[in-house]
Amino acid sequence: YDLYFGDLNTALVSANWQIGPRTSATLFVDHRHSPILASWNAIQGQGVDRLEDLQDLYSDSEIKDLARDRTPRSTLVSLGGSQQLSDRVQLAIDISASRLSETPASGGVDAMPGTGWEFSYYPQLVVSGLFANGDVGTVGVRYFDGSLSDTWSLIVNERYPLTPRLRILPRLRVDWRTNRGRDEFLPNPDDTDEDPIGSAQAARSRNGSLTVRPYLGLEYRVWKVTLFGDAGMEWTSGSFDAGGEDEYIYAFSGGLRYDF
């Protein structure tokens with residue numbers, strides 16, 4: 001709760017229920033300002049870099065009002081459950097709903113529409129000891145029902161111990177996305193000469209797009225320190241560029257974690 005604004009910034013609810021020896025359920029609710037409500041948010045769209053510069057243009061109460069107007073609320077409600085099917089196989093299901101509120105027009109900044117409620121459904125199988133003792137693999141199908149797009153996803157992960165200290169973590173995600181809700185504003189996909197970028201966007205929105213993300217990670221643990229690295233790529237069929245060419249993204253990351 002923010003005493004200066006007199007407003008609730010974040011509310012969290014987390015609950016777990018062990019229904020039976022092999023069955024459990026979870027509930028998670030997250031209701032918050034996104035980003036956190038602060039006077040700093042008032043500078044959005046004002047053409048200044050510092051909050052002090054706004055004090056030459058607005059009073060303190062007006063700055064507080066601008067900060068409230070630029071700060072939407074996000075809500076996430078997630079209900080999950082798991083069922084142990086056998087000693088090595090578990091079924092897990094997560095159903096979630098989320099929304100981002102609208103923001104009003106003020107201070108020369110246009111209003112922003114909210115997302116409305118968006119839903120996600122994600123069942124997955126978790127298998128341990130599939131290839132070796134200590135390995136864990138998951139395979140799941142996720143459906144996202146959004147306000148502007150629908151996405152079907154196939155998600156596969158594996159955590160395989162090469163040695164007691166070294167683990168390999170391959171994973172694959174395949175997304176099929178179709179846009180909706182604004183198709184009437186997009187140009188004809190055949191009008192490539194007049195608006196090649198817009199026509200490529202229209203083709204993707206109407207025909208859907210396929211994204212494939214293969215990644216490979218490594219973890220090496222020494223004492224209480226874990227070194228990790230990750231490399232992969234993303235390929236998306238068609239693009240927003242002129243001509244609708246395929247899109248490629250390459251990513252590399254690494255670091256260490258200390259457990260104490």
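Reply: Let's start with D175, which is buried at a relative accessible area of 8%. Buried means under 20%, exposed means over 50%, and partly exposed lies in between, using a 1.4 Å probe and protein chains only. Before we go on, note that this is a predicted model: local features need pLDDT of at least 70, side-chain atom pairs count only at pLDDT 80 or more, and totals for chains, interfaces and linings use all residues. Residues are numbered from 1 along each chain as its sequence is written, and side-chain values use heavy atoms, leaving out hydrogens and water.

What does D175 do with its side chain? It meets the side chain of R213 in a salt bridge of 2.4 Å, N to O. That term stands for a side-chain nitrogen of Lys or Arg within 4 Å of a carboxyl oxygen of Asp or Glu. D175 sits in strand β8 (residues 166–179) and R213 in strand β9 (residues 209–222), so this pair links distant parts of the chain, 38 residues apart. Strands here are DSSP runs of E with at least two residues, helices are runs of H or I with at least four, and the numbering goes from the N terminus. While D175 is buried, R213 is partly exposed at 21%. Salt bridges with shared partners join R173, D175, R213 and E234 into one network.

**Other salt bridges**

The whole structure has twelve salt bridges. One of them joins the side chains of D7 and R73 at 2.8 Å, N to O. D7 lies in the segment before β1 (10–20) and R73 in strand β3 (residues 73–84), 66 residues apart in the chain. D7 counts as buried at 19% relative accessibility, whereas R73 is partly exposed at 21%.

R22 and D87 also meet through their side chains, at 3.6 Å from N to O. This pair runs from the loop between β1 and β2 (23–33), where R22 is, to the loop between β3 and β4 (89–100), where D87 is, 65 residues apart. R22 is partly exposed at 40%, and D87 is exposed at 70%.

**From charges to rings**

Y121 and Y143 form a stacked one, with 6.3 Å centre to centre and 10 degrees between the planes. Y121 is in strand β5 (residues 118–128) and Y143 in strand β6 (residues 136–145), 22 residues apart. Y121 counts as partly exposed at 35% relative accessibility. Y143 pairs with W152 as well, this time tilted, at 4.6 Å centre to centre and 35 degrees between the planes. W152 is partly exposed at 48%. Ring pairs link Y121, Y143 and W152 into a cluster. For these labels, rings of Phe, Tyr and Trp (its six-membered ring) pair if their centres lie within 6.5 Å; planes under 30 degrees apart are stacked, those over 60 are edge-to-face, and the rest are tilted.

**The nonpolar core**

Nine residues make up the largest nonpolar core: F5, L37, A42, I43, V48, L54, I63, L66 and A67. Helix α2 (residues 60–69) gives the largest share of this core, three residues. Such a core is a set of buried Ala, Val, Leu, Ile, Met, Phe, Trp, Tyr and Cys residues joined through side-chain atoms within 4.5 Å. In α2, the buried residues are I63, K64, L66 and A67. They lie on the same side of α2, because they cover an arc of only 160 degrees around its axis; the arc is that of the directions from the helix axis to the C-beta atoms. Helix α1 is among what covers these buried residues.

**How confident is the model?**

pLDDT is the predictor's confidence in each residue, from 0 to 100. Its mean over the chain is 90, and 87% of the residues reach 70 or more. Over residues 181–185 pLDDT stays under 50, and the model has two contacts for them beyond four places in sequence, where contact means heavy atoms within 4.5 Å.
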